[in-house]
Structures are given as structure tokens and as C-alpha cells.
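Welcome! Take a moment to look over the chain before you try the exercises.

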Amino acid sequence: MIGQVQTAYLHKDMDQGRQSSDTAAIFGGEELAKLDEELAPPESRTPSKDHAYAVIFGIERYRDLPQVDYAMHDAEMVKKYLVSALGYREQNIILLLNDRVTRSQIEARLEKWLPAQINNNP
């Protein structure tokens, strides 16, 4: 999908007489800021949720797979949305990015931390 969007922007730029050989630079910067603005959490906020928890993973760089552009940014935006719009407490959200997302970290967060939060705060 991202490739299709980048290709569309590339063709649009070429139609308007601009040269662009780096498709990765086409969808980013200004365009990313525009999307952030459009997808920003609404101004109205739900009441604080003391017993809502989330574990968010954002991995852009894999050892044996192609890079996933914007995965870290997307994960950070999910966290921002949970706090700003849905009333999650920031300390109730675990955000793990890139090399911090290991099997042991996933197990620790999903099998230990999350159940402990739920059991200790019914």
C-alpha cells in the first residue's frame, strides 16, 4: 500500500515538473505531519481510566526482513491516542520499540506484567 501511495506521489510530482528519484522521501516529512494532524486524537477526552492497560510494540528494523517504515511512529501515535482521547494513564501503557521487542520482553509484558495489573487492580 505504501508503495502505491509513494508511486502516486512520484507520478504527481513528475506531472508537475518536479524530479524525484527517492520514493522514500516522497511520503514523509510534510506528508507525515499532515497525516498526524488528520489522525490526531479528538479534543474531547473520555474520563480517566485507571484500570485500562495496553502493551504496544513498534518494530521497524527486523533482522531478516525488510524494514517497516513508520512502525515506531505509528506505535507512538497509538500511545498518544490512548492517553489523549481514551483516558488511559500513561503509566499503564508499555511501549516497546525496535530492539527492545524481544521474546523475553513480550513474554514478560503479556504473561507477567499485564496479568499482574489486572489481578492487582480489579
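This is a predicted model: local features need pLDDT of at least 70, side-chain atom pairs count only at pLDDT 80 or more; totals for chains, interfaces and linings use all residues.

**Exercise 1.** Find the pattern that the protein follows along the sequence.

*Solution.* Begin by counting elements: the protein has five helices and two strands. Next, read them in sequence order, which gives α-α-α-β-α-β-α.

**Exercise 2.** Work out how S1 and S2 run and how the chain crosses from one to the other.

*Solution.* Start with the pairing: S1 and S2 are parallel and joined by five bridges. For a landmark, look at phenylalanine 57, which has leucine 96 of S2 opposite it.

**Exercise 3.** Is asparagine 92 buried or exposed, and which residues is it in contact with, leaving aside neighbours within four places in sequence?

*Solution.* First locate asparagine 92: it sits in the loop between helix H4 (71–84) and strand S2 (93–97). Then apply the cut-off, since buried means under 20% relative accessible area. Asparagine 92 has 6% relative accessibility, so it counts as buried. Last, list its contacts beyond those sequence neighbours: Lys49, Asp50, Ala52, Tyr53, Ala54 and Trp113. To set this in context, buried residues make up 32% of the 122 residues in the protein.

Key
Residues are numbered from 1 along each chain as its sequence is written. Side-chain values use heavy atoms; hydrogens and water are left out. Helices (H or I, at least four residues) and strands (E, at least two) are DSSP runs, numbered from the N terminus. Buried means under 20% relative accessible area, exposed over 50%, partly exposed in between (1.4 Å probe, protein chains only). Contact means heavy atoms within 4.5 Å. Two strands pair if DSSP finds at least two bridges between them. A crossover is right-handed if, with the strands pointing away from the viewer, the path from the first strand over the helix to the second runs clockwise.
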